[in-house]
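Colleague: Please take a close look at one part of this model, the contacts between chains, and carry on from there into the parts behind them. A plain account will do.

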Amino acid sequence: MTQAIHIDNEDWLSGIRSFLATVMDKTGIDAMLVPTRLAVKNRIMPMLVSDPARLAQADPLSPAFPVNGAKQLARLTRLPAGGKLAAVLRPCEIRAFNELVKLNQGKRDDVVIVGIDCPGALSNTDFRAFADRHETIDAATQAFCATAFSGGPVDEAAAFTSACRACNHPTPDGADIAVELFGTDPTHGLTARARTEMGEAVLAGLDLPPAEAVLPQRKTALTETLDRRRQYRKQMFASVAGATDTIRGLSAYLADCVNCYNCRAACPVCYCTTCVFTTDTFRHEPFQYLQWARRKGGVKMPTDTLFFHLTRMAHMSTACVGCGQCTNACPNDIPLSDLFSLVGHHTQEAFGYVAGLDLSQRPPMCGFEKEEYGEVVGI
Amino acid sequence: MDRKIGSALVAGAGISGIRASIDLAQMGYRVTLIDRAPHMGGILSQLDYQFPTDRCGMCRMLPMLDRDAGIQTCLRKGLFHENIDVLLGTTLAAVEGEPGRFEVALNQAPSPIDPDRCIGCGQCSDACPVSVPDAFNAGLTPRKAVYLPVPHNIPNTYTIDPAACTRCGACEPVCPTSAIRLSAMGRQAFRILVVDDESIIRQSLDAWLGDEEGYTVETAASGPEALEKLAATPFHLMLLDIKMPGMDGVTVLEKARIIRPSLNVLMMTAYATVETAVDAMKIGAMDYLIKPFEPESLIPKVAAAYEALQKTAYRRQTVGAIVLATGTTCFDPSVGKNPMGYGIVPHVVTSLAFERMLSGTGPDGGRLLRPSDKRPVKKAAWIQCVGSRDLQTGADFCSTACCMFALKEAAVARRVAGDDFQATIIYMDLRTFGKNFERYGQQTTSTEGIRLERGRVHSIVPTPGSGDVTIRWTSASGKIREECFDLVVLSIGQRANPHTTALAEGLGIDTDGFGFVKTAPFSDTRTLRGGIFAGGTLTGPTDIAESVIRASSAAVNASRTIHRAGGGLAEKADDLVSCRDVACEPPRILAVLCRCENNPEYEKALDVLSARLQQDPAVARVKILDRICTAQGWDSLKETVSATVNRVLVGACRTFIYGKKTRGLAAAFGLDPVLMEAVAMDHHQGLAAPATVAAIMAGLSRLKNVSMEKDQGIAVVNRALVVGGGIAGMSAALAIADHGVDVTLVEASDRLGGNLAWLHQTIDGTPIAPFLEDIIGQIEKHPKIEVMINSRVVGAFGQAGHFFSTIETAGEPTTTAEHGAVILATGGGEAPTDEYGYGTSEAVVTQKELETRIHEGRLDTDGITAVAMIQCVGSREEPRNYCSRVCCPTALKQALWLKSRKPDLQVYILYRDMMTCGLSEAWYTEARRQGILFFQYRPDRKPEVRITADEAAPVSVRLHDPILDAPVEIAADLLVLATGIQPRLPETLALAYGAERDRDGFFLEADSKWRPVEALKAGVFGCGIVLSPRSIAEAVATAEAAAGRALAILTADRLPAARTTAIVRHSLCTLCLRCIETCPYDARFLDDTGQRVLVNPAMCQGCGDCATVCPNSAAIVEGFTHRSMFGAIEGAMAV
Amino acid sequence: MHPHLISGSPTTHDDSDAMAPIGNLVNACIQCGTCTASCPNALEMDLTPRKMWRLVILGRLSDVMASRTFILCSDCYTCTLRCPRGLPLTRAMEALKGIAFARRETQHRRSRLFYETFMQTVRRYGRIREMAFMTRYFTAMKNPAEPFRFAPLGLKLMGKGKVEMGGGKSTEIPLAALFEKVAALERTPDKPLGKGG
Amino acid sequence: MDNFEPAIIAFVCNWCTYTAADLAGTSRLAYPRNIRLIRVMCTGMVDPQYVIKAFLEGADGVLISGCHPGDCHYINGNYKARRRVKLLKEILPRFGIDSRRLRLTWIGASDGIQFAGIMNDLVARTRELGPMLPDLQMVI
């Protein structure tokens, strides 16, 4: 089922806001998690909005991507919240949330997920500069929307993050309701498409006119975007792979790491409340450091840097959705996302798995078949 | 509950003996497990592969509860359990006394090799000049007279085969630890000191007693010399002259008795001093001889002294009950007429030899090569029923295991030898009678390259020039087939153990004509003497699963005997009472390293290792001790006990590690056993090898990271719930209640009895009704059993130790039962059918209906002249693709009953394969003899049934007789259909307890061979035909087995957590629940709030899978924490 | 093929009573075919031994009698030695010959006469005398062509000196008494089939 | 390079492979001294972290060895281990840790000869691959 979201004067934001308000109102949503302008500064953060009036500040179209909302939504749905929820998420946030759902960190059945086509986002640093260049955040977003969905070569111009430029899932396929923006002609309004039974039910209650069939422009815009990204992705993978094809190379790649573990704190699928690297397991005895130093003539401190990153690859590369938040979080500008996307691409491919796309597909490390992977056995 | 300790003897350390011992040990008894052989495991030590996995899995037999009472290791190494004393080379010589208090005498073969000293280096074997066929490899390889009986055995003590040993003495001097004392064997061990001043006497006595009689003789020419020798070494007998110059004999005797009070002394006297000799007897001489004397008068006196000594070498023991599990032997095809040319035609081997050929410890290290020319075997034939179902070899029984054995061997051989391997199995009836056998058989024989041929081989001849073997048989169609094979395997049958007959005679228990032990009616394990029970194949040939079931049944019956006699079930002593609380202390480790060798290289390695250990601040002290596995070594180890250390690391050889000493050491230090870590130092690699150092460092890391957290275990509700009031349920309930444990017995119908209510008699004519009445009577008056009829379990939750079950009773309020274990005995019933005209005519009935008619006296045999029976109706093909096992004997039973009523009545039995396994084969022979006609049919050519209008013969059965290769039509008055058994286990009931059903709806056992009566989920058991179709006696055996296994839980107050058990560190847990999903034992669950993952420590087996799926070590396994493992890796890499 | 019809009482449609004692000998047969595979003459037999025993058990006397199988049994005892059921198969073969001859089955006339004249010779001379035996046999066959059928074999045997021409010294030991005793024994109801297996 | 003695860490399951190792010892079969056996209860207990740790500590080869399929004492631990090895073999070779440095084998309790053979093979093949971290002593 599809429905049309009316837009006046090419004002994307107002159209979306009123659509969200309708959803909240007609579906009896108690609160909606949506990127919203902070009251105190021109900044955007996910906010759990219970007063529909506050949706006037909601801005899900902004290229701001301060945190991956999946983790926030997991906090809201881990246990029954006592009310009906909705969340407006980027495609990568939805995929991350699906991964978390598979790991019992959140639940889909208690929340209506509205996903919006994502042209890409800016790093926190770049967004601050971008936002500050505009009078208001709304103006910034409007300016961004004017070009972002055309499919044209906006990635470089908009300085999207590397993760976004390499993203090959820009549409919110896992949402209950998908708002389609790529290739949209704003004069015709936007399309909201139900992608689940829950989405159907919600849309049916909204009383909006049905939308037109998929526009050919949308297809063109998507194809162009995906082609460009595929190309970027290929180049990025080649360059990262070349740089890290030895342990020496990998060490150099991670040379600036100070073991702050921000990358894992920002990672939506690193779901542990406490990372093992910050537990007693890695609180080595002083004797141990001495032994290492003795054995090797010297030991870099803090230790376990490579161990941490390799472990993280083993733990979550099959769940990596390529959102880029690790790079975004790194204080020392290590392009972690490029590395993790590369590894995740290969580990997921090895298990025929795509992180976050299909809720019914079990994570590769949960389960086994009696007959499989014979090639890894033997001398 | 009575807490007195009971004890039991288990004779036979094969798989059944091991099972019975573990069961008894788990119930808290002290068990003495003996075996005639110098090794454990019986025949299974020679078998590496078992279907259905075509692998081993024997270790799954080990206790899952209270795992720390034993050592968690491959059973091929041995059975190590604190309640079990294993005595090898030991036989049961005599039994006196009554059930509950038997005095047993055990005869132990003298051990010429000191197990404390032998380090398994094998130098003795290298030195031994004798070569004999190695029985372990079925004679395919040679071995020395001094040898390692089973290569896996730990301790890997060598042993001497007294029959092969020539006593040449070559081994003694080469032993680096002086462990060999050849003189300890037999008469050589009997040391005689001859004291006489006359050299002629000394020489002739030396010659008579030493050279002729084989005793060890030393001589002394005077009293002082004699005393000197006596002081130096012990003697058993002294021949002492009275009249000697210097010190006379009486004085020597007096002094000798001070040095060696128990020495036997035989005085030698001249006629004149007889009185002195009589006086000497007053001060302790045993007898005298008057000189001159002949050997004939001397030798019996010496022999008497020797025999007396041998008798005292008997070990005497008091036990409450005895389980015999001495098993069977294999038929030797070379005896008698030997039509198979075994031992004559090359490349004809037994199935056991073939098994060895497949084994990694076999003659060719697991490559399938022909014994003599070592050519790869690519085409082999199996000949079934060699020494089975063969009256010519005195075997009117089926050995039961060989069909599956051959199928398995073919499957494994194909895996080993490659896809171009071709197997042909030539058989008479393919007896795939057990659970999942049929499907395994079909799957195996549908494999390309594996072929079945119905027939029996007559001729085996060598193929000239090639070493191949040509065999000839008649195919099903009557054609004479001749084919050439690389190798022919004789599927040899089982034979009663010849020692059993003697043993049975000694114990006063009967055996049948084949030498199998006779049992009480409706029991496979009760011998005719109270307190003595039989497990395994002793009461008739059977397969592993049934052997194990019988063993468990025998164990529980033994336990009942002990309990009834007041022995009670023992509770394990709480050995933690005296433990020091060191939880808050930093680790102060004492490292003890064993010095087994004296050489500079070893010494240097010890120095390096101790320096290395001492670097670690956690190591308080390093101590090097000599040979800590010997008594002296152990003493010196105990001397190191000190309160200044709180953990102990011992580096020693395997003998020490697998002994029971670690626990004893912990007690000596007053420390919890988890604070003791014993590490095997590898002799073969050397102490300096990185591998050895790595092992020590891993042990150190474990000790440094050991957790002192103690789980209290699960409190046990001492009540069992038994669901199903048939024979299995009732038997289980009685077995449990007889141990003083409460039982709730839930039966859905309005009365107890199940299928026994409609059964008339057994095949041997024993009426069933009196047996049933007796059992019901026992149940009803048992104070510990509460019977709930018209009741159903409608819901349940909980785990081993504490379940809650909701029970609905017709017309009464719903109740909840709390119990520690549950036994599902919901049974099964005759499968329905609409085949062969069933339902369209009164003349077509099922076997159950026929039985009922007979039972109720409604069958008019006068009015009928012919009865036809069709077997396997809807069985052994999808969807009920299994053999119901009882139908063939049932058909025989009815046919023989009909014949006994009306000899000229004609009975026709239409069958696919007659499944008269074990001793029931004799009834098949009898039925044939009595003229009952048997027609074999194939599933693709089933009989056709026509209901006729002819009142004289209302049923017409048309079939194809494969022998005549012609159609046959039978006109019958009655057609009886054997539709088989289908289980009655509602899925909801199974799921309520976490049990699973197999694809046919039967109770899914944890392991079809090693744990056949329990679910993978602890505390849930199944018995009777809910497991698989079975006879009454077999159902009773499963019931008793299940009861015994359940008692291991039910008799405990708490189920203790083993050391290697998973725990949850809740502050780290993110509740992703992957650990719950991955646990193979269902040991993890969410608590009632849904916010905490808990582990049932009794169900957790410590596999560590949860810890691996957990990304942040919120799930850890004690002893294998990440810290500990990282430490081990670092230690290993720092070498 | 028309199906073998088996009713409740086999005796009603076939004269199986005669065969009942043989049936008792081989009833316990499990049709494994060892007898067939082990029989040196099996290739010449129209029914395999296994098939024949099957017919015996099913009481198909006429089918059995129509067969040459039991006639071709040369009493080598291999089947008896090998039979896993330990059945006295050779004895049963003999018994079948006995029935066939007693019933004067025409298809076995040649064999019957051969046996009879052979035994008459033995009875008469205490041993086999080839010429006397031949004469008796050819006479009994009442077929003038018969001697010619045997001529090639006879000549061969004569060439090798295997045929005693009657010129030798007579060492006749008449066995009439022995034969009579056996006949008497065979008439005894409890030992209807002669010597024990 | 000829003198290079690779350091190999072998995680062996307590039930089958450890028994085979013991058997190789009692059968006096020679296998290289540079294999450091670390006994685990089950191959399902071998956390990928252990393998990474071993390589980062300088192991030139890592072996994980357990019971044959169907033979696992803990029912299915070996199947799970196989997946984890698959995962590691996707990750580690990207960073120059040759896939052949990480091996998974099934060695049954009676396979003492195979155990010794595999150990010999493993050392020989790892020797061919050369040292794992020749010049990165300071990284862990």
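**Chain contacts and what lies behind them**

Modeller: Chain A and chain C do not touch, and their nearest C-alpha atoms are 41 Å apart; contact between two residues requires their C-beta atoms, placed from the backbone, to lie within 7 Å. The model is predicted, and local features need pLDDT of at least 70 and side-chain atom pairs pLDDT 80 or more, while totals for chains, interfaces and linings use all residues. Residues are numbered from 1 along each chain as its sequence is written, and chains are lettered from A and ligands numbered from 1 in the order in which they are written.

Chain C and chain D do not touch either, with 37 Å between their nearest C-alpha atoms. Four pairs of chains are in contact, and of these chains B and D share the most contacts. That is the part to look at closely.

The contact of chain B with chain D takes 52 residues from chain B and 47 residues from chain D. On the side of chain D, at least two residues each come from α1 (17-26), β2 (35-40), α2, α3 (77-91) and α4 (112-129); helices (H or I, at least four residues) and strands (E, at least two) are DSSP runs, numbered from the N terminus. By class, this side of chain D has 19 nonpolar, 18 polar and 10 charged residues. Here Ala, Val, Leu, Ile, Met, Phe, Trp, Tyr, Cys and Pro count as nonpolar, Asp, Glu, Lys and Arg as charged, and the others, Gly among them, as polar.

One helix pair spans chains B and D. The axes of α28 (residues 1122-1133) of chain B and α2 (residues 48-56) of chain D come within 10 Å and cross at roughly 30°; axes are lines fitted to C-alpha atoms, for helices over the stretch in contact, and angles run from 0 to 180 degrees between N-to-C directions. The two helices, α28(B) and α2(D), are therefore roughly parallel to each other, a label given to angles under 35 degrees, where over 145 counts as roughly antiparallel, 65 to 115 as roughly perpendicular and the rest as oblique. Their crossing is right-handed, that is, the near helix is turned clockwise from the far one by less than a right angle, anticlockwise being left-handed. From α28(B), H1122(B), M1125(B), F1126(B) and I1129(B) meet Q49(D), Y50(D), K53(D) and A54(D) of α2(D). This contact has five nonpolar, two polar and one charged residues.

Chain B also meets chain A, where 16 residues of chain B are in contact with 17 residues of chain A. Helix α12 (residues 286-296) of chain A gives the largest share of the chain A side, three residues. That side divides into eight nonpolar, eight polar and one charged.

Chain A itself is assigned domain 1 (2-215) and domain 2 (231-366), with bounds from an automatic or database domain assignment. The C-alpha centres of these two domains of chain A lie 29 Å apart, and their contact takes 28 residues from domain 1 and 25 residues from domain 2.

Behind its contacts, chain B holds an open sheet of five strands in the order β3-β2-β1-β16-β27, with parallel pairing; two strands pair if DSSP finds at least two bridges between them. At the edges stand β3 (84-88) and β27 (532-534) of chain B, each with a single partner strand, so one side of each has no neighbour in the sheet. Neighbouring strands are turned by 20° against each other on average, direction ignored. Strand β2 (residues 30-35) of chain B is joined to β3(B) by five bridges, and T32(B) stands opposite D85(B) in β3(B). Helix α1 (residues 15-26) of chain B lies across β1 (7-11), β2, β3 and β16 (321-324), at about 170° to β2(B). Helix α13 (residues 544-564) of chain B lies across β1, β16 and β27, at about 165° to β16(B).

Chain B has another open sheet of five strands, also with parallel pairing, in the order β35-β34-β33-β39-β50. Its edges are β35 (785-788) and β50 (1020-1022) of chain B, each with a single partner strand, so one side of each is left without a neighbour in the sheet. The twist averages 20° from one strand to the next. Four bridges join β33 (residues 719-723) to β39 (residues 821-824) of chain B, where A720(B) stands opposite A821(B). Helix α25 (residues 1032-1050) of chain B lies across β33, β39 and β50, at about 170° to β39(B).
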